[in-house]
Structures are given as structure tokens and as C-alpha cells.
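Here is a short briefing to read alongside the model. Take a look at the sequence and structure, and then we will go through a few spots together.

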Amino acid sequence: MLLKRRKLNVRALVIGDSGGIGAAIADSLRERGAEVVGLSRARNGFDITDPETVEASLNAVEGVFQLAFVATGALVVTRQGPEKTLREVTAEEMAAQFAVNTIGPALVMRHAARLLPRKERSIFAALSARVGAIGDNRAGGWYSYRASKAALNQVIRTGAIELGRSHKQSICVALHPGTVETSFTANYPAHKKHSATVAAQALLDVLDGLSPKESGSFYDYAGAPVPW
């Protein structure tokens, strides 16, 4: 298995390795023996919302990776909290959400065919969110975030089909990390929360149990499929 908690000689690319979950993913991978290459705004000026930066940064990365993990994302960009009603929807917030949560990961995924080995098991994973599941939407609200994550899920699903034609052992998945303890989620006391470290370890365990037949799917941190 690729990510078992024994020492392994694998390379991992973590996009957003200075964020809460991204940093925990990178640390957990190193604990498992992986060589980790990280790209983030704080560490090396990587801006996933800037197409030129994404292209230049990924073109500068050499070699192949058994895992490429996109851990970037934003719940809000121009607001204090997600929209509760249609009256609160603005073009500015929706465009900003799509830039971070959908377009950026898609631009990273453009490089997946070069970054991942063609003839061995490999994984491209991106953080999504359960609220992006159209089939699981019962509460409404959070328009920009829900829409941008739903669009990300479609990017992952479509990219998995294309990548699977040339990389037969590839696995492309969207992942829901659960509600992770952050300053923002402190405003949502009813949600069951866990630390970024717990979320990272759980997500890596989920990836470890997947095979190419699960490529193009959406899973939560417990390994349960999430409806589209």
C-alpha cells in the first residue's frame, strides 16, 4: 500500500502545506517516511488563484510523485461568513470562491499526467466538503462555497476519467475532512470537530485503502462514500 504507517520511499506533492490541514498532511506524510515537496503562499509565494504562478511553480517541479494532494480552500473570501440567503449572494464572493476552490485545483490537475507515474499506483487528491454534495444538501445556504466545491467534485470526476486512460493505476478522489478545529469553526459549536492532525491521518488512511476502481469518487475522513 502507498501510505501505510511504515517507512516508505515515496514522494508527495502537497499544495497548501502551510495551512492547517495542509501542514498536518505534510507532517503526517513525513512521519510515514515520504519525501514531501510543499507549495504554498506563505512558504514560497505559490498563489493557487494566479494561473501564471501555478504554471511556473509546477513547471519548476521535477520528477514524479506517488501522491499529489491539493489542500487549499476557503470558506469565505470577501465576507465574514457564508451566505444564508439568496439576497446575500454577490458576484465578487462567488468569483473569489471559485478561484480558490475550483479553478486553482483544476489548474494544478492540468499537470497530473506529468507529475504522476504512468505505470504504478498513484493518487491525486483534493480537499472538498460534504456541503458541496448536491445530493446531500438539505439545509440550503452557503451558496458560493457549496457551488465551488460541487464544481471541484466535477473537475475531479472528469479528470479521473481522462487520467485513467493513460495512467491505469491512478486514483483521483475528492475528500471531505470533516469539521476541523479552526478559529472559524469556533462559530459552529454544534458540529463534531477534530484536530487537523486527526483529520490528516484519517484522510491518509482512507487513501491508503483505495484502488484504481475507486478513482473519480468522493470520500469522507472515515472512508465512507459521499453522494455527489
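Is R41 buried or exposed? This is a predicted model, and in it R41 is exposed, because its relative accessible area of 56% lies above the 50% cut-off. S122 is a buried counterpart to look at, with a relative accessible area of 0%.

**R41 and its surroundings**
- R41 sits in helix α2, which covers residues 41–44.
- Setting aside residues up to four places away in sequence, R41 touches F46 and D47.
- With D47, the side chain of R41 makes a polar contact of 3.2 Å.
- I15 is 26 residues from R41 along the chain, and their C-alpha atoms are 9.5 Å apart.

**S122 and its surroundings**
- S122 belongs to strand β4, residues 122–127.
- Beyond its neighbours within four places in sequence, S122 contacts F65, Q66, L116, P117, Q169, S170 and I171.

**Helices α4 and α6**
- The crossing of α4 past α6 is right-handed.
- On the α4 side, residues making the contact include M94, F98 and M109, while those on α6 include Y143, L152 and I156.
- Sorted by class, the contact of α4 with α6 has 13 nonpolar, six polar and two charged residues.

Note on methods. Residues are numbered from 1 along each chain as its sequence is written. This is a predicted model: local features need pLDDT of at least 70, side-chain atom pairs count only at pLDDT 80 or more; totals for chains, interfaces and linings use all residues. Side-chain values use heavy atoms; hydrogens and water are left out. Helices (H or I, at least four residues) and strands (E, at least two) are DSSP runs, numbered from the N terminus. Buried means under 20% relative accessible area, exposed over 50%, partly exposed in between (1.4 Å probe, protein chains only). Contact means heavy atoms within 4.5 Å. A polar contact is a pair of N or O atoms within 3.5 Å; within protein, one must be able to donate a hydrogen and the other to accept it, and residues adjacent in sequence count only if both atoms are side-chain atoms. A crossing is left-handed if the near helix is turned anticlockwise from the far one by less than a right angle, and right-handed if clockwise. Ala, Val, Leu, Ile, Met, Phe, Trp, Tyr, Cys and Pro count as nonpolar, Asp, Glu, Lys and Arg as charged, and the others, Gly among them, as polar.
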